[in-house]
Each structure stands twice: as structure tokens, then as C-alpha cells.
Amino acid sequence: MRLFIALLMILALPVHAQTASQNPCGQDAACEVDEGDYHLVFPPDWDGETPLPALVFYHGHNSSAASIFRSSGLRNSFVNNGYLLIAPNGAFIPGRKVRAWPARDLPPSQRDDVAFTLRVMDDVEKRIPLDTDRIFAGGFSAGGSMVWRMACLAGDRFNAFVSVSGALRRPNPAECATGPIRFLQVHGFADAQVPFEGRGIRDWHQGDLFESFTRARALNSCRTNPDKIEIGETFRCRDWNESCDAGALKMCIHDGGHGLPRGWTDLAKDFFEAG
């Protein structure tokens, strides 16, 4: 009799709840797609059925998707507020055990990370019901540069972006395939790893942050000077919104160096949800 009742209870569960509980991939085990994998972190009280807003977050150079799970800011601001966190793994640099997001054109023998991300998103949509009006992308350092590349080449797949300490790398794409975009940049005034001007590394360049914003303003048809300047305790922000034909841009500077400043996740969440 107990077995019969237990079977009835399982059958009564929503289909997506059964899928989520039986799906072996998530935070502890990677979800496999062609040429790579990714991890998922689910909101603690998700019912398995309600469509979820989602944040795709790219880790930094020589890190991994597992590092994303240790971010209390991402958990507190996003996961604990009902967001699905999607953490793709960068590909290993050929011949090295170092994961990276090159965020620039590569030889055909190396993975196309834009196409890889779109495969990840297609796979997630098959597994999990998503709120398609609230799909966002973010990243740190090299991951932040990857966000810029996604915004330029596949901006229509996301509702807004945040880059922390990254810029559109040179050589830049000849032109952006999509637009306009909603984009937030968070950067440290004392960042010497990825300075505002970028820095040359062998045959490529990290990119100039102001050049990235010049291209973004052209994509959104914004005027040159910001519509609003806000000076707070932690962040000093320049905002392009009202003067743009579409989209929105915001650059927030803090006094620190190359890192994730306290409060950036709340800043990003507010920017995302204002759109």
C-alpha cells in the first residue's frame, strides 16, 4: 500500500519538477554539449515548473565554472531571488590545462565560443522552462570580454549584459551583427590587469574600454556625452539612455583594482530589471 501511494505521489509531480530532480547535471555534474560543458545552479525554492529568469556568467581566465558557485554575491542577488545561474566552462588552451575565453577571432581548429554559448542556451531551453524576457549575460575579466563579444555578435539572444573588468578585444569584429543592446560596464579605476586603455599581449590587444563604448553608442544611436552622471559611495556611473534611439548603456567606475567589487551584483540586477 505504501509503495502504491508513493507511486501516486511521483506521478502527481509536475513534469519539469521530475525532470529537474532526475536530471544528473547541474551544480555538481556538468551538462554536456558539443565541444564543451556547463553547470546550472537552481533557485532554492523553484517549483520545477515556473519559467525562470537566467544569468549566463563567464568565469575569468584560468578559472572554471566551479568558481562561479563560490560567489556569495551571485547567489544572494540572483539565485536566491529566483534566477537560474548558467555557468559555461571555457575551453582549454591547446596544450595547457588552462581554461580561457579568448573573445576574439580564432583559427577554425579552436572552439567558436559564441556558437558554443548558443548551443548551451539551446540545451538549457530543452531542459528548463525559461522566462525569455529575462535572459542576461555577465562575466568577469576575460569573461567580461566574452560578454562584449556576445553583445556584438549575438546580442538578440539576451535582454541585457554586464561586464566586470573586460572590454571588446582587438582585433574587433568588423561590425556587430545585432543591436541595439542594454549594457552595463563595471570597472576599477586602479585596474592594472585590464586597464581602461587595454594592453597588448603578443599579437592581440585587450581592447580600449572607451573604444568599446564608442561602438556601443553607435549601435544604440546615442549621443556622445552621457545623459546622467551619478556619484555614489562606491560607484561613479555615466548613463546613456534617454538620448539613445534604443537600448541603454551604463559605465560604473570604482576605486579598486582588478576584481569584483562589493555591491556589483545588486547594481547589475537593478540594471537588468530596469529594462
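Predicted model: local features only at pLDDT ≥ 70, side-chain atom pairs only at ≥ 80, totals over all residues.
The expected span of a helix is 1.5 Å times one less than its number of residues.

**Entry 1: helix α5**

I then asked which residues of α5 are buried. They are Asp-113, Val-114, Phe-116, Thr-117, Val-120, Met-121, Asp-123 and Val-124. At the N-terminal end of α5 I found a cap, Asp-112. One of the side-chain oxygens of Asp-112 lies 3.1 Å from the backbone nitrogen of Val-114.

**Entry 2: helix α7**

I went on to α7, residues 209–220, which has 12 residues. At 1.5 Å a residue α7 should span 16 Å, and its end C-alpha atoms are 17 Å apart, which agrees. I listed its buried residues as Leu-209, Ser-212, Phe-213, Ala-216, Arg-217 and Asn-220. Because they cover an arc of only 135° around the axis, they are on the same side of α7.

What covers these buried residues of α7? I noted that the cover includes α6 (142–154) and the strands β9 (182–188), β13 (236–240) and β14 (248–254).

Asp-208 caps the N-terminal end, with a side-chain oxygen 2.8 Å from the backbone nitrogen of Phe-210. After the helix comes Ser-221, and its phi is positive, near 55°.

**Entry 3: the disulfides**

How many disulfides does the structure hold? I found 4. With bonded cysteines counted along the chain, their pattern is 1-2, 3-4, 5-7, 6-8.

The link is left-handed, with -105° about the S-S bond. Cys-152 lies in helix α6 and Cys-176 in the loop between β8 (160–164) and β9, so the pair ties together parts 24 residues apart in sequence.

*Cys-222 and Cys-244.* Here the S to S distance is 1.9 Å. The pair links distant parts of the chain, 22 residues apart: Cys-222 is in the loop between α7 and β12 (228–231), and Cys-244 is in the loop between β13 and β14. The torsion about the S-S bond is about 105°, so I recorded this disulfide as right-handed. Cys-222 is buried, with a relative accessible area of 14%. Cys-244 is buried too, with a relative accessible area of 9%.

*Cys-237 and Cys-252.* The sulfur atoms of Cys-237 and Cys-252 are 2.2 Å apart. The link is right-handed, with 115° about the S-S bond. Cys-237 lies in strand β13 and Cys-252 in strand β14, so parts 15 residues apart in sequence are tied together. I noted both Cys-237 and Cys-252 as buried.

**Entry 4: cross-references**

I went back over the elements that came up in more than one entry. Helix α6, part of the cover of α7, also holds Cys-152. Strands β13 and β14 are in that cover as well, and they hold Cys-237 and Cys-252.

Notes:
Residues numbered from 1 in each chain as written. Heavy atoms only, no water. Helix = DSSP H or I, 4+ residues; strand = E, 2+ residues; numbered from the N terminus. Buried < 20%, exposed > 50% of the residue type's maximum accessible area, 1.4 Å probe, protein only. Arc of directions from axis to C-beta. Contact = heavy atoms within 4.5 Å. Polar contact = N/O pair within 3.5 Å; in protein donor to acceptor, adjacent residues only side chain to side chain. Disulfide = S-S within 2.5 Å.
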